[in-house]
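Me: I'd like a close look at one single part of this model. Could you take me through it and then on to what lies around it?

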Amino acid sequence: MKEVVCAVLIVLAAAGSMATAKTLTPANRSHRFADGISVRLLSFDRGRHDGTPYTAWSLEVRNGSDSPVHLAPTTRCWTDLPPRRTGVVPAVDKAGRVAVHLRAGRVTSLRGACAMAADEGRFFYAVRLSQDYDSGISAPIVFHGKLPV
């Protein structure tokens, strides 16, 4: 538990321009917003694109509300402890800046990817759901966990 609390403080310090409060969520749990929207990590895999090693996540976005939603997700990544900011892999990342239109009660999935060496296992993956790219439903959700190396 002490490691997680320290990690939260480090992520907040390392976030720089995203230094607002974040909801830290274990990778094996979903996060549900007050308006019925939820997001969770479904699975992950590792790969290489143009020589860059990456880890990719499948994300589920669920609209549990009674109305349609139009969302513009953005993502950011950190690896290791203390967390080090890493980039996304645009050719693989489909979660960042892809419009999501969901009717009430519907579910969709997105694929997010972060540059991450094969020997790195600790990750922090931030997802922010916005109705447009300038306003958010809430602060970013940061999924955290350790992948098998």
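Which residues does T86 touch, not counting residues up to four places away in sequence?

Reply: Happy to. This is a predicted model, where local features need pLDDT of at least 70 and side-chain atom pairs count only at pLDDT 80 or more, while totals for chains, interfaces and linings use all residues. Residues are numbered from 1 along each chain as its sequence is written, and side-chain values use heavy atoms, with hydrogens and water left out.

Leaving out residues up to four places away in sequence, T86 touches C77, W78, T79, C114 and A115; contact here means heavy atoms within 4.5 Å. T86 is found in strand β6. Strands are DSSP runs of E with at least two residues, and helices are runs of H or I with at least four, numbered from the N terminus. With a relative accessible area of 11%, T86 is buried (buried is under 20% relative accessible area, exposed over 50% and partly exposed in between, with a 1.4 Å probe and protein chains only). The side chain of T86 also reaches the backbone oxygen of A115 at 2.8 Å. That is a polar contact: a pair of N or O atoms within 3.5 Å, where within protein one must be able to donate a hydrogen and the other to accept it, and residues adjacent in sequence count only if both atoms are side-chain atoms.

Two of the residues that T86 touches, C77 and C114, belong together: they form a disulfide with sulfur atoms 1.5 Å apart (a disulfide is a pair of cysteine sulfur atoms within 2.5 Å). One disulfide is found in a search of the whole structure. Its torsion about the S-S bond is about -45 degrees, so the disulfide of C77 and C114 is left-handed. C77 sits in strand β5 (residues 69-79) and C114 in strand β8 (residues 107-115), so this pair links distant parts of the chain, 37 residues apart. Both cysteines, C77 and C114, are buried.

Now for β5 itself. Eight of its eleven residues are buried, so β5 is largely enclosed by the rest of the structure. Strands pair if DSSP finds at least two bridges between them. β5 runs antiparallel to β6 (residues 84-86), joined by three bridges, and T79 has R84 as its bridge partner in β6. The hairpin of β5 and β6 has four residues between the strands, and there D80 takes a positive phi near 65 degrees. Three bridges also join β5 to the antiparallel strand β7 (residues 100-102), with V69 opposite L102. Eight bridges join β5 to β9, again antiparallel, and R76 stands opposite A126 there.

W57, F123 and Y125 form one aromatic cluster. Rings of Phe, Tyr and Trp (its six-membered ring) pair if their centres lie within 6.5 Å; planes under 30 degrees apart count as stacked, over 60 as edge-to-face and the rest as tilted. By this rule there are two aromatic pairs. W57 and F123 are tilted, 5.0 Å centre to centre with 50 degrees between the planes. W57 lies in strand β4 (residues 52-63) and F123 in strand β9 (residues 122-130), so the pair ties together parts that are 66 residues apart in sequence. W57 and Y125 are stacked, at 4.7 Å centre to centre and 20 degrees between the planes. Both W57 and Y125 are buried, and F123 is buried too, with a relative accessible area of 2%.
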